[in-house]
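My notes follow, in the order I looked things up.

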Amino acid sequence: MNSTLPGYKDKPLFTPGPLTTSRTVKQAMLRDLGSRDSEFITVVRSIRERLLKIAGVEKGTHEAILLQGSGTYSVESIFSSTVPRSGKVLILVNGSYGERMIKICDVLNIPKVVLRNPENEVPNLESLREELAKDPEITHVAAVHCETTTGIINPIQLIGEIVKGHGRIYFVDAMSSFGAVPIDFEACGVDYLVSSANKCIEGVPGFGFIIARMDEFMKTERYARSLSLDLYAQWKGLESNGQFRFTPPTHSLLAFHQALIELEDEGGVAARAARYRKNHEVLVKGMRELGFKEYLKSDLQGYIITSFLYPDDSNFSFETFYNQLNDRGFVIYPGKLSQADCFRIGSIGRLSGYDFTALLLGIEKALKLMGVTLG
Ligand SMILES: Cc1ncc(COP(=O)(O)O)c(C=O)c1O
């Protein structure tokens, strides 16, 4: 049967999200619940509790706050509603999601210091230490955990130890890692962590969430520079009557609740990490056998998403390669690097080693048809 036949079967998404979700997660959305319905409010409460459990933190010391929009809205909400007017942010950048934080601070007129490293290197800890020591005006430090631009895993614990050693507030963008890469909140000293529905928890797009350490967060009332992204007001709303202040993405929340149950059924973060790691291993082994090379050194490479260098062959065109794979029912992802020609393949979502073996066969076939030979 033709995989392009409408309604036949969705193509597996080897992307960083939106990603392939389970049938049962999709089925959970086939409901129309009112946003003030007590059943819906129970679902929202359960989501918030389950997120804290995944994070390994307790209600009271921490809160999970859900916010409409894609992940960027949640990232922006942290900057716009937890940094005071007198605040200054140090941003660690080694990819486009760190670059986006700079843009957010520029739009919000938040003073900032940027420590930039090449996309294939982790942040320089010595420079961080020096900068914090010499600039007492810096109040917050922001870092990205898995920089999805390349798939590099930044050392958030080592960064956190320095940030906390200097008594600053620490914000981690764990968009593409939370739920599948263990994060020790206490050891990392995280004050605010952000992720979204359509990443490693395997829900569908519609909202992001912030896990906040309450002793810091409680100081931020009236800090907000935006009404809809006011995190404190959002938390107050959720706490007072269990409701969102403005229309919630009800279907997406229902799907996410089911996705959380499925994450627990799978065995939690450790089991999900094991499946994604296996996916990544099957992929990298097969790609190396075909002659591809990864962009990152293996010790920096995480198992969430992998960047592969374009083959050194003039017959290779990414567009043709992408379309050849798409026609065979595989969706991969373009590169986003400023310094090298790469494409990316994600290991996350409802995929197993079997899907990656099939993808590798598709890649081999596509290369043959394009007349590409790898060295
Ligand atoms: C690390 C990271 N931060 C932020 C974002 C932005 O999220 P969104 O595209 O949902 O706005 C992404 C998206 O992939 C990401 O991977």
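Helices (H or I, at least four residues) and strands (E, at least two) are DSSP runs numbered from the N terminus.

A note on ground rules: this is a predicted model, where local features need pLDDT of at least 70 and side-chain atom pairs count only at pLDDT 80 or more, while totals for chains, interfaces and linings use all residues. Residues are numbered from 1 along each chain as its sequence is written, and side-chain values use heavy atoms, leaving out hydrogens and water.

Next I looked up the geometry of this pair. H11 covers residues 268–290 and H13 residues 353–370; they pack at about 20°, with axes 9 Å apart. Axes are lines fitted to C-alpha atoms, for helices over the stretch in contact, and angles run from 0 to 180 degrees between N-to-C directions. That makes H11 roughly parallel to H13 (under 35 degrees; over 145 is roughly antiparallel, 65 to 115 roughly perpendicular, and the rest oblique).

Who touches whom? I found Asn279, Val282, Leu283, Gly286, Met287 and Leu290 of H11 meeting Gly353, Phe356, Thr357, Leu359, Leu360, Ile363 and Glu364 of H13, with contact meaning heavy atoms within 4.5 Å. The residues of this contact divide into eight nonpolar, four polar and one charged. Here Ala, Val, Leu, Ile, Met, Phe, Trp, Tyr, Cys and Pro count as nonpolar, Asp, Glu, Lys and Arg as charged, and the others, Gly among them, as polar.

Then I turned to the sheet. Three strands form an open, antiparallel sheet in the order E10-E12-E11; strands pair if DSSP finds at least two bridges between them. E10 (305–309) and E11 (333–334) are the edge strands, each with a single partner, so one side of each has no neighbour in the sheet. Two bridges join E11 to E12 (residues 342–346), and Tyr333 stands opposite Arg344 in E12. H11 packs on the sheet too, touching E10 and E12, and its direction makes about 10° with that of E10.

Last stop was H12 (residues 318–327). Which of its residues are buried? They are Phe318, Phe321, Gln324, Leu325 and Asn326 (buried is under 20% relative accessible area, exposed over 50%, partly exposed in between, with a 1.4 Å probe and protein chains only). They pack against E11, E12 and H13. Gly329 follows H12 and has a positive phi, near 95°.
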